[in-house]
Amino acid sequence: MNFTRADFPDGFRFGVATSAYQIEGHQFGGAGLTHWDSFAGTPGNVVRFENGALACDHYNRLDEDLDLIAGLGADVYRFSTSWARVMPEGTGAVNGEGLDFYDRLVDGLLERGISPALTLYHWELPQPLADQGGWRNVDMPNWFADYAEVVAGRLGDRLWSLAPINEPWCVGWLSHFDGHHAPGLRDIRATARAMHHVLVSHGRAIQVCKGLGVQNLGAVCNFEWSTPASDAPEDVAAATRYDAIYNRFFLGGLFKGEYPAEVLDGLEPHLPNGWQDDFPTIQSPLDWAGINFYTRKRLAHVPNAPWPAYAEMPTQGPTTDMGWEIYPDALQMFLTRMAREYTGDLPIYVTENGMASATNPDPDRIEYLDQHLRAVQAAIAEGAPVAGYFVWSLMDNYEWALGYEKRFGLVHVDFDTLARTPKASYHALADWWRG
Ligand code: FCB
């Protein structure tokens, strides 16, 4: 990788990201059951029925892992707190041991000169809340606001940044329409409610955290570029619907106080009563916007099918171990489009980007990161106010429904011995991040 820090604007921050359930080991420290445990415990949902009970055992190897982040020269560590670790029932009693763990994590980062970037929800919903309908339940914003208050009340004075929810599209669509993630539903009404409640919950948490004086509040969305599979008007419209559902629904809600017509065509009859009145909450002012970026899709119209009536067509370019096309131009296009159409001068952070690859050493990962960093530079040259770039992920971990076989880490994890070994990509980044 041929970069130095001087190739990026002053104050540009580099970092790495993880999430609680994917690395901690949820069996430890009094964490409650989550809907991911139930989902993974149902045959057919997850490769080899794997779950996050042990994961990378990060809960017991905290210092070793913080040293790895420091060794990389990262400015920022983006991590999440597990709701079920902090509040095993989802509401009410707080698990002191769980909160203490995150307290040690934050202090351990600060001692090493690393800025803590907290996400409050990265998908492990406490099972008792899932039992009550989870994100479908109109009470979710209240439950989430209470949880936000507990975590921000304890950690908020030492955070560099806070984002309430990782990737609302995954929480809503992927988990309730596609059924690929917990709770594994395939139901349009559940989807509409989850998509809306996740944004209301985001806004409520922002308000709570602002009230507590937490600085630097943002939102983290994942976006996929959509390209029509042909020039046929039906395919162009299919790609537009995909873009509306995946990208513009969340950008529109957060930054314009509206949902795209192409989404309302399908979801409006299923949205909760009075949904239009929630936009002032959803639009609670933010200090930055985060984008998680991995790939693009090619879309075709499916005749005689119910909304959204599209299908993903085979990829055309090189792919990662996830089967995701490597398409860095789309990162540049998203960054400039977001700034132009939605976020204006707000700093944008690439809060996740990286590739699954089992090769080790991993020149392919170095190449992937290199290409995407060049896309970031191109967006900056076009005027997009990009202020940081965080790699997914620090180490190989539990890749949700794909279990432990997809390796996104800069650090290799041997899932038998749990030994950590930095890969070539780790050393390549450290060479210039350490400065
Ligand atoms: C993102 C998730 C993250 C990880 C990467 C590969 O959608 O936020 O947890 O699974 O994809």
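Tutor: One definition comes before the site itself. A molecule sits in a pocket if more than half of its atoms lie within 2 Å of the pocket's grid points. By that test, the ligand sits in the largest pocket. Keep in mind that this is a predicted model.

Now the shell. The residues around the ligand include Gln22, His122, Trp123, Asn166 and Glu167. Sorted by class, the shell holds five nonpolar, three polar and three charged residues.

The side chain of Gln22 places an N or O atom 2.7 Å from an oxygen atom of the ligand. For His122, a polar side-chain atom lies 2.8 Å from a ligand oxygen. Asn166 also has a polar side-chain atom by a ligand oxygen, at 2.9 Å. The cut-off for a polar contact is 3.5 Å between N or O atoms. On its own, the ligand has 300 Å² of accessible area, and the protein covers 96% of that.

Now the backbone. One runs from Ala182 to Pro183, with omega near 10°. Pro183 falls in the loop between α8 (168–176) and α9 (188–211). Another joins Asn360 and Pro361, and its omega is about 0°. Pro361 belongs to the loop between β8 (348–352) and α14 (363–381).

Then positive phi. Phe49 is not a glycine, yet its phi is positive, about 60°. It lies in the loop between α2 (35–40) and α3 (62–72). Asp57 is not a glycine either, and its phi is about 55°. Asp57 is likewise found in the loop between α2 and α3. Their accessibilities fall on opposite sides of the cut-offs. Phe49 has a relative accessible area of 56%, so it counts as exposed, the cut-off being over 50%. Asp57 has 7% relative accessibility and therefore counts as buried, since buried means under 20%.

Gln127 and Leu33 are 94 residues apart in sequence. In space, their C-alpha atoms are 5.5 Å apart.

Definitions and conventions: Residues are numbered from 1 along each chain as its sequence is written. This is a predicted model: local features need pLDDT of at least 70, side-chain atom pairs count only at pLDDT 80 or more; totals for chains, interfaces and linings use all residues. Side-chain values use heavy atoms; hydrogens and water are left out. A residue is near a molecule or strand if one of its heavy atoms lies within 4 Å of it. A polar contact is a pair of N or O atoms within 3.5 Å; within protein, one must be able to donate a hydrogen and the other to accept it, and residues adjacent in sequence count only if both atoms are side-chain atoms. Accessible areas come from the Shrake-Rupley method with a 1.4 Å probe; for residues, only the protein chains shown count as cover. On a 1 Å grid over the protein atoms alone, a cavity is a set of points where a 1.4 Å probe fits but cannot get out, and a pocket is an open set with protein on both sides within 12 Å along at least five of seven lines; lining residues have an atom within 4 Å of a point. Ala, Val, Leu, Ile, Met, Phe, Trp, Tyr, Cys and Pro count as nonpolar, Asp, Glu, Lys and Arg as charged, and the others, Gly among them, as polar. Helices (H or I, at least four residues) and strands (E, at least two) are DSSP runs, numbered from the N terminus. Buried means under 20% relative accessible area, exposed over 50%, partly exposed in between (1.4 Å probe, protein chains only).
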